[in-house]
2 protein chains.
Amino acid sequence: MGENATDLYHRPHYPLLIVISGPSGVGKDSVVTQMRQRQSSFHFVITATSRPPRPDEVHGTDYFFVSETEFQEMIRQDELLEHAMVYGQYKGIPKQQVRDALNSGKDVIMRLDVQGAATVKRLAPEAILIFLAAASEEELYARLQRRQTESEEQLRYRMRVAREEMRRIGEFDYVVINRECGLDETVEQVLHIIDAEHCRVQQRHVTL
Amino acid sequence: MGENATDLYHRPHYPLLIVISGPSGVGKDSVVTQMRQRQSSFHFVITATSRPPRPDEVHGTDYFFVSETEFQEMIRQDELLEHAMVYGQYKGIPKQQVRDALNSGKDVIMRLDVQGAATVKRLAPEAILIFLAAASEEELYARLQRRQTESEEQLRYRMRVAREEMRRIGEFDYVVINRECGLDETVEQVLHIIDAEHCRVQQRHVTL
């Protein structure tokens, strides 16, 4: 039997690194939460943060809570796949966690803003970047408005940022429209993308 | 609003050209038949042939039955996407049929042997080639044997051809393992691939 034919019957399984991204308010959290409920075979990345835990938050489940000094040490040691300072507090993704999950054969799912997604793609070009988009500007605005956490001025700022983020679509692999009342369909499409990627002849082999 | 952002909210829909291929005996017909039962939104290509219709076959449903002269004229006029002489009779795929289906917005599904799939990819590089593979040499052999249409010598020849065809996997986009008793799963994976391809940021725009 030829070498290639043998390979086809015994293809290696390369776990995938999947980034769910998109503008603020588009529904990234809901999508990832529902993926977690439907598919237990993924590893969902736990973010490290220097902010103190809220009463209901559990270390190692919701976040890895570390001190600011510890976080800065992780940055110095290049132990973070991606990190950012948000409202004066650090958050980031420990590389080792992702490596361990991939080594165990699990597909890794991470939720990141557009800037963070682009950073991951630079470090791991084999990562699969999925851009969640609203069906229209109006839907995105309505979603942000429903949160009732922001002033009119802040909403306008978010919309400007969203438009800029959408111009970076070329850095992404896939775009999935997250319609109002269409969360199930959105999650299906994301799962189909992951399934299809596992069938690619040219498999993506992530190394970190 | 920026141009790109507008584009993202109003993405054009490009129908896909999907080729289901793989070695003889792997189950291409069963997969395509079940796709037809489950998804009416596709156009399933009808092959043109110069062989006479069998009693139960309907012109325009099972095949387009044309005379040998008509077929040769189609070849001369470059009206065929792909054609072959099989057991002394012509069969081939009329380009116009594929063009019309794509223009109507339908994804086009065609079943082709490995050689034919490669020909289509050369003419339409944006075509999506799916290679159906058995789970093992043993399963493929058992499948061919169950047909009871071929001598032991013919079976061995088919297996040799299958091995050679599997070496051409690099010309394909996806590989789906069609396991014994796993037809439903195979069809699901093919449908997921099609769904995922529609979500690609860099859409494939087929022109013929």
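Me: Hi! How many residues of chain B are in contact with chain A?
Reply: In this predicted model, 27 residues of chain B are in contact with 27 residues of chain A.

Me: Which elements of chain B supply at least two residues of the side that touches chain A?
Reply: Four elements do that: helix 1 (3-9), helix 7 (152-166), strand 9 and helix 8 (183-199) of chain B.

Me: And which one gives the most?
Reply: That would be helix 8 of chain B, with 6 residues.

Me: How do the residues on that side of chain B divide by class?
Reply: They split into 15 nonpolar, 6 polar and 6 charged residues.

Me: Let's go inside one chain. How is chain A divided into domains?
Reply: Domain 1 of chain A takes 1-42 + 107-202, and domain 2 of chain A takes 46-105. Their C-alpha centres lie 20 Å apart. The contact between them takes 10 residues from domain 1 of chain A and 8 residues from domain 2 of chain A.

Me: What supplies the domain 1 side of that contact in chain A?
Reply: Strand 7 (108-111) and helix 5 (114-123) of chain A each supply at least two residues. Helix 5 of chain A has the largest share, 4 residues. By class, that side of domain 1 of chain A has 7 nonpolar, 3 polar and no charged residues.

Me: Now the sheets. What is the strand order in the open sheet of 5 strands in chain A?
Reply: The order is 2-7-1-8-9, and the pairing is parallel. Strand 2 (43-44) and strand 9 (174-177) of chain A are at the edges with a single partner strand each, so one side of each has no neighbour in the sheet. Strand 9 of chain A pairs with strand 8 (residues 128-133) of chain A in the parallel sense over 4 bridges. There, A:Tyr174 is the bridge partner of A:Ile130.

Me: Nice. Which strands does helix 5 of chain A touch when it packs on the sheet?
Reply: Helix 5 of chain A touches strand 1 and strand 8 of chain A, and its direction makes about 160° with that of strand 1 of chain A. Helix 4 (residues 95-103) of chain A lies across strand 1 (17-21), strand 2 and strand 7 of chain A, at about 150° to strand 7 of chain A.

Me: And the open sheet of 4 strands in chain A, what order is that?
Reply: It goes 4-3-6-5, with mixed pairing. Strand 4 (64-65) and strand 5 (80-86) of chain A are the edge strands, each pairing on one side only. Strand 5 of chain A runs antiparallel to strand 6 (residues 89-94) of chain A, and 6 bridges join them. A:Val86 stands opposite A:Gln89 in that pair.

Me: Over to chain B. How many residues of strand 8 of chain B are buried?
Reply: 6 of its 6 residues, for strand 8 (residues 128-133) of chain B. B:Ile128, B:Ile130 and B:Leu132 are buried on one side, and B:Leu129, B:Phe131 and B:Ala133 on the other.

Me: What about strand 1 of chain B, how many bridges join it to strand 8 of chain B?
Reply: 4 bridges join strand 1 (residues 17-21) of chain B to strand 8 of chain B, and the two run parallel. B:Ile128 is the bridge partner of B:Ile18. Strand 8 of chain B also pairs with strand 9 (residues 174-177) of chain B, parallel over 4 bridges, where B:Ala133 stands opposite B:Ile177.

Me: Last topic, backbone angles. What is the phi of A:Asp78?
Reply: A:Asp78 has a positive phi of about 55°, although it is not a glycine. A:Asp78 lies in the loop between helix 3 (68-76) and strand 5 of chain A.

Me: Is A:Asp78 buried or exposed?
Reply: Exposed: A:Asp78 has 8 other C-beta atoms within 10 Å.

Me: And where does B:Tyr87 lie?
Reply: B:Tyr87 lies in the loop between strand 5 (80-86) and strand 6 (89-94) of chain B. Its phi is positive too, about 50°, although B:Tyr87 is not a glycine. B:Tyr87 counts as exposed, with 6 C-beta neighbours inside 10 Å.

Definitions and conventions
Residues are numbered from 1 along each chain as its sequence is written. Chains are lettered from A and ligands numbered from 1 in the order in which they are written. This is a predicted model: local features need pLDDT of at least 70, side-chain atom pairs count only at pLDDT 80 or more; totals for chains, interfaces and linings use all residues. Domain bounds come from an automatic or database domain assignment. Two residues are in contact if their C-beta atoms, placed from the backbone, lie within 7 Å. Ala, Val, Leu, Ile, Met, Phe, Trp, Tyr, Cys and Pro count as nonpolar, Asp, Glu, Lys and Arg as charged, and the others, Gly among them, as polar. A residue is buried if 20 or more other C-beta atoms lie within 10 Å of its own, exposed if 12 or fewer, and partly exposed in between; C-beta atoms are placed from the backbone. Two strands pair if DSSP finds at least two bridges between them. Axes are lines fitted to C-alpha atoms, for helices over the stretch in contact, and angles run from 0 to 180 degrees between N-to-C directions.
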